Amino acid sequence: MASPAPTSSAAWYALRRTLPVWSFAENLRELTACLPRYGVDELVVKVDTEEFSHGQVPLDWARAYQPKLLALRDALAEIGVAYSLNPWITVGHCDRGRDGRAHVPHLRPMVGHDGTECTCCACPLSTAWREHTTELWTLYAQTQPRVLWVEDDIRTFNHEPIKFGCFCSEHLARFGVRVGRPVTRPELVAALLQPGTPHPWRQLFLDLQSEIMNETVAFLAQIVHRVSPTTSLGLMSSGPRQHCLEGRRWAPFARALADGATLYSRPPLANYWEESLRGFYYSHDSIKITRHCLPPDTVEQTEVENIPFTRYSKSTAFTFLQMAISFAYGSQGVTLNLFDHAGTPMENEPAFGRLLAEKKPLLNALAAHASRPGAYRGVQLVFDESASHHRQLRPGAGYGELAADGEPAMTLLETHGIPTTYSPERVAVAMGQQLRGFSDVQLLALLGRDRGLLLDATAARTLCERGFGELIGVESIAPAQMVDDLPSRPLVAEELHHPDFGGADKRLLTLTLPNLMSRPSLGVLAPAPSARVVSHFVDPEGRRIHPGATAYENRLGGRVYVHALDWATSYGVAFNHPFRAAQLQTAVRWLSRDAAPLLVSGDGVYPLAFRKDLPSETLLGLFNLSLDPWQDTQFTLADTRQPLTPLLLSADGHWQESPLLSLAPGTSGHWRLSHGGRIPFDAPLFVRIPWAASA
Ligand SMILES: [Zn+2]
């Protein structure tokens, strides 16, 4: 039997740890002494990892290592810690000077779109790799781990030194069968990157790649389940927008990998080393968007990882925040890759172990509520896993431009106190080419009665090309163009002037975007006569030259707000501003007909806020992603129910009433929760609002 899932912790810690052969006994002794003290529930053993990886794992090495894994599993069982296994490679992440053919003769390596060949990373169709993997993964499965993790190298991009592929002889031959004639790599790549309307080969090739990967993960799962039917498969992934590069179809991929068992998911939180708290906008979104793509019964353990494993790379405070974000956003567990793969004792850097133990009560109390089934509320972000089928490329576009749009839309809303979600909501947002693959029926649903849609210039242009200009209040909008190339140059600022939309005369936002060293693009827009122009782009004399944003209610009863900036080239640090918060929050309030699920304001910047609705309560939270503390924080919630006394989560993990909290009715159908204290970056705020049972 595979070892059972731990049940003691709501906030489930899974430590990922390598035990090199030369320090195995010492590392194991330390683990058995320290894991209970750290509050760790599960050990995920990494095999043949990073610096001391052989490249492709030699079978005789793995046979010699297997008894150690069995001894470790039994030692963990004695202290009540679950055992899982994480081979460091599947096909391989990178070559780093290794040659896979040293241990797997006849291995066919991956070939990049530019013809570069790996020496170590294997094409998943390689017969030699499959024969080798069958024997190797059988050895792994014989240790009966609870979860056997498949790394994110199970993809067709980022296998250093190649970027995109595989375009090996076998991949090309299979593609040739699909199109009925032999095809060369340069001919295929040129078709994939054809500017403008996508070449029909693009979808054919993306579909072929995706089918091959589905078949490859089914192959892995079947090896495991032949030996250990109760072991679950786990998937580390690289973010759904990136997986559009290879055309991943998430449902069949997940089905093939799960092979009838519970599937585990390890979404990346990135920020492998600490740069800015603002990196958490990506981290939290990665949890949400990966969950959106996977089946609803998937178990999540996020990836909290520190490279290279000391506090020089990442502080304990930053590590804690990644853990807290994981649990606040509903993940069942965290995987913790905090210590090196060279056998250095964990207690050489004791701060991490102390952190895990100290924060467990708080995280348990948070996870006990946040992991319950419910809905995260906000503005709806759209994601289309087939975006790369439809994306129109500019001349000279690189392969990487097949990745999906959308991250700036998420970040610019969250930074201004407007939470986002991938669940259906009344107000949706789209930027760039995100809607290009949507059917007319899907688009009409976004534009229909009582709906609200927030668009950037390029998304508005896409809808006009599709014949929906009339429904978004736009007579015409030119393709977004770099601001200094427009005939009407120079344009210097956006004047947010409309008093009903957060504006006033000479309320100016810079067009030096996205930062001091860059320039934005914008679309010259001709609004419908009944659209309200709420801002203008102005010249150095302050003259209003082109509409900057429009608000329009269409004949179906849907509302649309178009921002004539191209967010992909405009969004960055200079975009953010208190006036921008007023612009965006007012837009969302208007689009939702004053029923936005949550808007956050206060004396602070860079909020990361959330609202989760559970059957009888609402969970609210605020992470402060600035070094200055937040003060006088206000949460404005649309809700017609009657609240009971709100409860604040204390640092030691207790939900309790607090004089810092006050809850009062706002405008009709709203509640305003105020927090009168300071919210420093390292002490996020969590509040529960219980709702009275309706009469
Ligand atoms: Zn290949």
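Helices here are DSSP runs of H or I with at least four residues, numbered from the N terminus. In this predicted model, Lys288 belongs to helix α9, which spans residues 279-293. A residue counts as buried if 20 or more other C-beta atoms lie within 10 Å of its own. Lys288 has 21 such neighbours and is therefore classed as buried.

Leaving aside residues up to four places away in sequence, Lys288 is in contact with Tyr329, Tyr376, Thr421 and Tyr422.

## Overall form

The protein chain contains 18 helices and 35 strands. Its radius of gyration is 26 Å, close to the 26 Å given by the globule rule for 695 residues, so the chain is as compact as a globular protein of that length. Along the principal axes, the C-alpha atoms occupy a box of roughly 75 × 70 × 50 Å.

Of the 695 residues, 52% are buried. Among contacts between residues at least 6 apart in sequence, 77% link residues that are at least 24 apart.

## Domains

The domain assignment divides the chain into domain 1 (12-162 + 204-373), domain 2 (379-593) and domain 3 (599-690).

The centres of domain 2 and domain 3, taken over C-alpha atoms, are 29 Å apart. Domain 2 contributes 6 residues to their contact, and domain 3 contributes 9 residues. On the domain 2 side, the touching residues comprise 2 nonpolar, 3 polar and 1 charged.

## Packing of helices α1 and α11

Helix α1 (residues 24-38) and helix α11 (residues 350-370) have axes that come within 8 Å and cross at roughly 40°. Angles under 35 degrees count as roughly parallel, and 65 to 115 as roughly perpendicular. The pair α1 and α11 is therefore oblique.

The contact brings Cys34, Arg37 and Tyr38 of α1 against Gly353, Leu356 and Ala357 of α11. By class, these residues are 4 nonpolar, 1 polar and 1 charged.

## Cis peptide bonds

The bond from Glu160 to Pro161 is cis, with omega near 10°. Pro161 sits in the loop between β7 (157-159) and β8 (162-164).

A cis bond also runs from Arg489 to Pro490, where omega is near -5°. The loop that holds Pro490 lies between β19 (481-482) and β20 (493-496).

Glu50 is a residue other than glycine with a positive phi, near 45°. Its place is the loop between β2 (42-47) and α2 (59-78). Glu50 has 16 C-beta neighbours inside 10 Å and so counts as partly exposed.

Asp632, not a glycine either, has a positive phi of about 50°. This residue is part of strand β30, residues 630-638. With 14 other C-beta atoms within 10 Å, Asp632 is partly exposed.

Note on methods: Residues are numbered from 1 along each chain as its sequence is written. This is a predicted model: local features need pLDDT of at least 70, side-chain atom pairs count only at pLDDT 80 or more; totals for chains, interfaces and linings use all residues. Helices (H or I, at least four residues) and strands (E, at least two) are DSSP runs, numbered from the N terminus. The radius of gyration is taken over C-alpha atoms; the globule rule is 2.2 Å times the number of residues to the power 0.38. A residue is buried if 20 or more other C-beta atoms lie within 10 Å of its own, exposed if 12 or fewer, and partly exposed in between; C-beta atoms are placed from the backbone. Two residues are in contact if their C-beta atoms, placed from the backbone, lie within 7 Å. Axes are lines fitted to C-alpha atoms, for helices over the stretch in contact, and angles run from 0 to 180 degrees between N-to-C directions. Angles under 35 degrees count as roughly parallel, over 145 as roughly antiparallel, 65 to 115 as roughly perpendicular and the rest as oblique. Ala, Val, Leu, Ile, Met, Phe, Trp, Tyr, Cys and Pro count as nonpolar, Asp, Glu, Lys and Arg as charged, and the others, Gly among them, as polar. Domain bounds come from an automatic or database domain assignment.
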